Amino acid sequence: MPRERGGGWLLPALLLLPPICAPALAVSVAAEDAKEQIERLVSQESEKSGKSNKINIELQEIVFVIQSQSNSFHSKRAEDLVRNILKQAEELGKELPRVLLIHQMDRHDGAWTILPLMHDFSASYGRNSSWIFFCEEDTRIQIVKLLETLRRFDKSKEWFLGKALYDEESTIIHHYAFAENPTIFKFPDFAAGWALSIPLVNKLANKLKSEPLKSDFTIDLKHEKGNGPHLTPVPEFCTDDLNAYKAVNCATMFSNFLPVCGDPVKKEDIFVAVKTCRKFHRDRIPIVKQTWEGEAAVVEYYSDYAETSIPTIDLGVPNTERGHCGKTFAILERFLNHSSSKTPWLVIVDDDTLISIFRLRKLLSCYDPNEPVFLGERYGYGLGTGGYSYITGGGGMVFSREAIQKLLASKCQCYSNDAPDDMVLGMCFSGLGIPITHCPLFHQARPMDYPKDYLAHQIPISFHKHWNIDPVKVYFTWLAPKMEDSFTEKKQRRIREDL
């Protein structure tokens, strides 16, 4: 699978594929201290001639863009954030700002990659705005603090602002870029929010007219690079929780909890399919059995050789060195025709995928299995020229039964047994108008391949690859059920009640 390929974007750091399945908390900053801060600021400014207008002008000059998704769970999260932003603006007694949802810009198949939207942003807001501020569905914004932060930067200059991430070692997901010293390249953490000044937006829009996007693959959006201005780190763009002691200085925050949308789905409601082959029966399958297999109620191993001691099931599809499309579609057909019709979810993983079924059960409580859901870590192919998004297979692909029924009824299928299964699935679902749902808690690579600060605000669901690691240790360090999982869930429920 050519996942390691990537292309050159114009910014030296536009971030990871997001939007996200992140926490199911209302995005709210209407706590008493925040209200007092707003009231105090309004009072102070009203005493100074002309100053209150300055806040008004600045708020109107910010266009908020939420990196939203069309799935019902995610669209509701985004709508909650819109209401919160407008509520804060209303409490300031000022004109309401413009707030855009990326998933509603559906004439752009690759809108989530941001750069295809630059022309529209420039044409619509290039003369009457100063900043485009991007954030995720679960980013929490303190409007007053955001205004104070943006005032420090000359809006007539080209600015690319965000919370800086960097790789400590060169990594495959970033194409081994900056191999001699990967720490020199800073890229933004989308969860903290990030901002482009309008002069930079206009410059990018003009450059894209003469130099159209050429990247085949979009792997880690926040890192896709080019020859634009470097990221300016902004300490007020944070991923700390609202209740953290450092939050008082933050213009943005981000919750790191798994969604809590009711009780976790039952073990029996998730059918887990493991793709393997005979040559990996002895080294990879034992790792699965030592780690996450016990979390699942129903697991089947699909191979090119039936071995009763595991056991594996031979689907009659020869093993291929790459792609595995024929095997994956045979698994989909088997699930639809031979599993219980009451089982709403199918998860397909590789034999070197490490996954937390315990956490996945919590996550799936937020999704409606009666909708066509295709969930995991999102990549893109040819999105600058009308391509499609897809769920990368190594981190795990989650399907609702409804999605599989629509897929197989469409007759969309592999063009060969060794075609890249995840990309063919993305192409098929794109043709059906069924959106790919991204969740950054699934990972195509190993923990060491991601910035520590990025993983610090996650409760991961999966990692992939056994290369140069102890996979059992990785599982028990990062993914195994722990006491804090229960504590975190209770804490989040209390916060939700408070909101």
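**Close-up 1. The disulfide between cysteine 325 and cysteine 414 in the predicted model.** The sulfur atoms of cysteine 325 and cysteine 414 lie 2.1 Å apart, and the torsion about their S-S bond is about -85 degrees, so the disulfide is left-handed. Because cysteine 325 belongs to helix α8 (residues 325-338) while cysteine 414 sits in the loop between α10 (401-409) and α11 (421-432), the pair ties together parts that are 89 residues apart in sequence. Cysteine 325 has a relative accessible area of 0% and is therefore buried, the limit being under 20%.

**Close-up 2. The disulfide joining cysteine 412 to cysteine 428.** The S to S distance in this pair is 2.0 Å, and the link of cysteine 412 and cysteine 428 is left-handed, with -80 degrees about the S-S bond. Cysteine 412 is placed in the loop between α10 and α11 and cysteine 428 in helix α11, so that parts 16 residues apart in sequence are tied together. Cysteine 412 is partly exposed at 25% relative accessible area, whereas cysteine 428, at 3% relative accessibility, counts as buried.

**Close-up 3. The disulfide formed by cysteine 261 and cysteine 366.** Here the sulfur atoms are 1.9 Å apart, and the link of cysteine 261 and cysteine 366 is right-handed, with 90 degrees about the S-S bond. The pair links distant parts of the chain, 105 residues apart, with cysteine 261 in the loop between β11 (252-254) and β12 (270-275) and cysteine 366 in the loop between α9 (357-364) and β17 (374-376). Cysteine 261 counts as partly exposed at 32% relative accessibility, while cysteine 366 is buried, with a relative accessible area of 9%.

Technical notes: Residues numbered from 1 in each chain as written. Predicted model: local features only at pLDDT ≥ 70, side-chain atom pairs only at ≥ 80, totals over all residues. Heavy atoms only, no water. Disulfide = S-S within 2.5 Å. Helix = DSSP H or I, 4+ residues; strand = E, 2+ residues; numbered from the N terminus. Buried < 20%, exposed > 50% of the residue type's maximum accessible area, 1.4 Å probe, protein only.
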